[in-house]
Amino acid sequence: MSEPTDRQAVDVEGHRLVLTHLGRVLFPRTGETKAAALQYYARIAPVMVPHTAGRPASFVRAPEGPGGQRWYAKTPPAGLPDWVRTVEVTGSEGPAPYVVVDSTASLVAVANLGAYEIHVPQWTADAGPDAHDRVVFDLDPGAGADLTDCCRVALRLREELTADGLTACPVVSGSKGLHLYACVEPAPQRAVSGYAKKLAERLAAEDPGRVTAVMAKAARPGRVFIDWSQNATAKTTAAPYTLRLKDRPAVAAPVTWDEVAACRDPGRLLLTPDQVLDRVERHGDLLDALGDPAALP
C-alpha cells in the first residue's frame, strides 16, 4: 500500500480493492486517519490473521470513528467483495453468513468498510461450535481498580493454568483490562466454560477483596471481574492485534509475562498501533504458543 489520496485502488494479494475516505480522521484526539488504520492492518496481518483465520468474525463498525455512530455487527458488511470467505453459522435465529478473516486482503477489505474492531469466538467454523480450542479469561477492572490489578490477578491465574498443564498467554485488551488465553484440546462449550467458571470462582473465593466471578456490576467496585462467560459458543472476544475504537488508537496487544509482573502504571501497557508494529518487528508474535499444538498438555 502506497501513500494515499482520499480514494485509491490497490492490489492486495492479487485482489483489487478501492480504498475510500482515506483522509477521514478516525481519532480526533491524535489525528490518525482511516489511511493509517488500513496501513496498520496491512502490516500487522502476518501475525494477526493466524488468530482470526477459520473463525466466524463479528465486528464493531464505526465508519466515522469512535465519535460517530457505532454498532456491533455479525452479518457481512454491505459491499464486501465476493472473494472474501464467508461461512454459515446456525444461531438462535437460524443459519446466517459470517465473514472469515483469513488473509491480508480480507482484513483490509473489512476495515475499508468501517469494520475496524474484529471479534472472534474460541472455536473455528470447520471444527464447529462444539469444539472450542481456546479458553479465554477477560479480566475486567471495576470502579476503583485498573489494569495493574488485572495484572496481579493474571499472575495468580497463570499459576493455576500452569498447574493444569496449560500455557497462558496475556493480551492487554486495548481498553481497561487484560485477556488471558490458553490453547486447549477441542472440547464442547460446557466443558471449557465450566472449567473457566470453576477457576474464576476459586480465585474469587481465595481473594474476595480483589476478585469477583459474579457478572453483576454491583459486585465489581474495587475488584477485578474474571469474565469466564466469554467461553460461551455465542460470545466473541476482541481478536489479538485488533484496533479498539477508543478516544485514541489502541490495540488488543500481546505482552510478555515480565511486562505483566512489572506493570505499576496502566498507561505503560496501553499500546498504540505503531508501538505494536515495532514490537512485532523486534520480537515476532508473542502469541506463538496459542496456535502451537506442542503447547497442549
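Reader: Which residues does Val135 touch, not counting residues up to four places away in sequence?

Author: Val135 touches Leu180, Tyr181, Ala182, Val184, Val192, Tyr195, Ala196 and Asn231, where contact means heavy atoms within 4.5 Å. This is a predicted model, in which local features need pLDDT of at least 70, side-chain atom pairs count only at pLDDT 80 or more, and totals for chains, interfaces and linings use all residues. Residues are numbered from 1 along each chain as its sequence is written, and side-chain values use heavy atoms, with hydrogens and water left out.

Reader: Why is Val135 called buried?

Author: The term buried applies under 20% relative accessible area, exposed applies over 50%, and partly exposed lies in between (1.4 Å probe, protein chains only). Val135 has 0% relative accessibility and therefore counts as buried. Val135 belongs to strand 10 (residues 132-141); strands (E, at least two residues) and helices (H or I, at least four) are DSSP runs, numbered from the N terminus.

Reader: What makes Thr104 count as buried?

Author: Its relative accessibility is 16%, so Thr104 is classed as buried. Thr104 is found in helix 2 (residues 104-112). Leaving out residues up to four places away in sequence, Thr104 touches Val12, Glu13, Ala42, Ala45 and Val49.

Reader: Why are helix 3 and helix 4 called oblique to each other?

Author: Helix 3 (residues 147-163) and helix 4 (residues 189-206) pack at an angle of about 125 degrees, with their axes 11 Å apart. Axes are lines fitted to C-alpha atoms, for helices over the stretch in contact, and angles run from 0 to 180 degrees between N-to-C directions. Angles under 35 degrees count as roughly parallel, over 145 as roughly antiparallel, 65 to 115 as roughly perpendicular, and the rest as oblique. The two helices are therefore oblique to each other.

Reader: Which residues make the contact of helix 3 with helix 4?

Author: Helix 3 contributes Val153, Arg156, Leu157, Glu160 and Leu161, while helix 4 contributes Tyr195, Leu199, Arg202, Leu203 and Glu206. These residues divide into 6 nonpolar, no polar and 4 charged. Here Ala, Val, Leu, Ile, Met, Phe, Trp, Tyr, Cys and Pro count as nonpolar, Asp, Glu, Lys and Arg as charged, and the others, Gly among them, as polar.

Reader: What makes a set of residues a nonpolar core, and how many residues has the largest?

Author: A nonpolar core is a set of buried Ala, Val, Leu, Ile, Met, Phe, Trp, Tyr and Cys residues joined through side-chain atoms within 4.5 Å. The largest has 79 residues, and Leu139 is among those with the most contacts inside it. Helix 1 (residues 34-52) supplies the largest share of this core, 10 residues.
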